[in-house]
Amino acid sequence: MLDGIVAGVLEDLAVRQATTSEADLRAALADVEPPRDPMPHFRGPGSSVIAEVKRKSPSKGALADIPDPAALASEYAAGGAAAISVLTEQRRFGGSLDDLRAVRATVDVPVLRKDFIVTEYQLLEARAAGADLALLMVVSLPGERLRQLHDYARELGLTVLMEVHDEAETARAVEVGAELVGVNARNLKTLEVDLDVFGRLAPLIPDDRVKVAESGIFGPQDVERFVGEGAGVVLVGEALVKDGAPREAVAAMTGITR
Ligand SMILES: O=C(O)c1ccccc1NCC(=O)[C@H](O)[C@H](O)COP(=O)(O)O
């Protein structure tokens, strides 16, 4: 599954690279607002929510139309979301960098580019589109590539959300110095969701890092569980895009303490 997604991402990337050079993106950086730092909020008391704009997914198919991603993001922000995640992958998730631009221009909170990032170009593209954070998935970045992309993202001023799903990936994320470590309950190879993964991996992440619980979160009771296991932040997609009252749904998951 993951290999297929990344192959499609690389094909689409080649098309964009043919029309927009790295030099063009670098020039565009001059006109972009400076990055917003999510870490002070993430380190504050109680649970922070990263609320996701997600139209469809390989595991669940169509989730929500979302004709106006900026309007949905505004509702999330009004509910107290600490950051907005925008899935920019097009083929499987129906997202785009235009979604990210629209969201970033509308909300005041930091915005995450959620995509399958395996090249420096994609990081440059993210920042040029206004992203404040970028996702790096340890599983997709072998050897030195993880450190190289992490360091490059930091040079661009991006906060890295480094995603792991097992013990070996967690050790690599910690070793690289990731400040924000996301434990994805979803196995991206099988798409199975196992909510016990966070409790298993969280003790392997030093307490000076911020721990993010990702995927399969459907309400405050799930957030309470993950906060109890050490999460400072939860990342929620499906439950929020399908909720008729996203502002209230975010508010109910925000500020939960141990
Ligand atoms: O969501 C999927 O089916 C998926 C499949 C393959 C790779 C990534 C996938 N999702 C990305 C995410 O990590 C989630 O969108 C995010 O954690 C929110 O999950 P959820 O709250 O369960 O929608």
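Student: Where does Leu191 sit?

Tutor: Leu191 is in the loop between β8 and α9, where helices (H or I, at least four residues) and strands (E, at least two) are DSSP runs numbered from the N terminus. Its phi is near 70°, a positive value in a residue other than glycine. Most residues other than glycine have a negative phi.

Student: Before we go on, what kind of model is this, and how are residues numbered?

Tutor: It is a predicted model, in which local features need pLDDT of at least 70 and side-chain atom pairs count only at pLDDT 80 or more, while totals for chains, interfaces and linings use all residues. Residues are numbered from 1 along each chain as its sequence is written.

Student: Why does Leu191 count as partly exposed?

Tutor: Leu191 counts as partly exposed because it has 13 C-beta neighbours inside 10 Å. A residue is buried if 20 or more other C-beta atoms lie within 10 Å of its own, exposed if 12 or fewer, and partly exposed in between, with C-beta atoms placed from the backbone.

Student: And Leu195, what does that one touch?

Tutor: Leu195 lies in the loop between β8 (180-184) and α9 (196-201), and it touches Ala185 and Gly216, not counting residues up to four places away in sequence; two residues are in contact if their C-beta atoms, placed from the backbone, lie within 7 Å. The C-alpha atoms of Leu195 and Ala185 are separated by 5.4 Å, although these residues are ten apart along the chain. Leu195 is partly exposed, with 15 other C-beta atoms within 10 Å.

Student: Now Ser215: is it buried or exposed?

Tutor: Ser215 is buried, since 26 other C-beta atoms lie within 10 Å. It is placed in the loop between β9 (210-214) and α10 (220-228), and its phi is near 80°, a positive value in a residue other than glycine.

Student: Which residues are closest to the ligand?

Tutor: The closest are Ser57, Ser59, Ser215, Gly237 and Glu238, out of 18 residues that surround the ligand; a residue is near a molecule or strand if its C-beta atom, placed from the backbone, lies within 6 Å of it. Both β10 (233-236) and α11 (238-241) supply at least two residues of that shell.

Student: How does the shell split by class?

Tutor: The shell around the ligand has seven nonpolar, six polar and five charged residues. Here Ala, Val, Leu, Ile, Met, Phe, Trp, Tyr, Cys and Pro count as nonpolar, Asp, Glu, Lys and Arg as charged, and the others, Gly among them, as polar.

Student: Changing topic, which residues have the most contacts inside the largest nonpolar core?

Tutor: Those are Ala81, Ile84, Ala134 and Val234, in a core of 75 residues. A nonpolar core is a set of buried Ala, Val, Leu, Ile, Met, Phe, Trp, Tyr and Cys residues joined through C-beta atoms within 7 Å.

Student: Which element gives the largest share of this core?

Tutor: The largest share of this core, five residues, comes from β6. As for Ile84, not counting residues up to four places away in sequence, its contacts include Ala51, Val53, Tyr76 and Leu112.

Student: How many residues of α6 are buried?

Tutor: Seven of the nine residues in α6 (residues 120-128) are buried, and among them are Gln122, Glu125 and Arg127. The buried residues of α6 pack against α1 (2-19), α2, α5 (97-106), β5 (111-114), β6 (133-137) and α7 (145-155). The helix is followed by Gly130, whose phi is positive, near 105°.

Student: And Asp31, buried or exposed?

Tutor: Asp31 counts as exposed because it has 7 C-beta neighbours inside 10 Å. It is found in the loop between α2 (22-29) and α3 (39-42), and its C-alpha atom is separated by 30 Å from that of Arg43, twelve residues apart along the chain.

Student: Last one, how many helices and strands does the chain have?

Tutor: There are twelve helices and ten strands in the chain. Along its principal axes the C-alpha trace spans about 50 × 40 × 35 Å, and buried residues make up 44% of the 258 residues.
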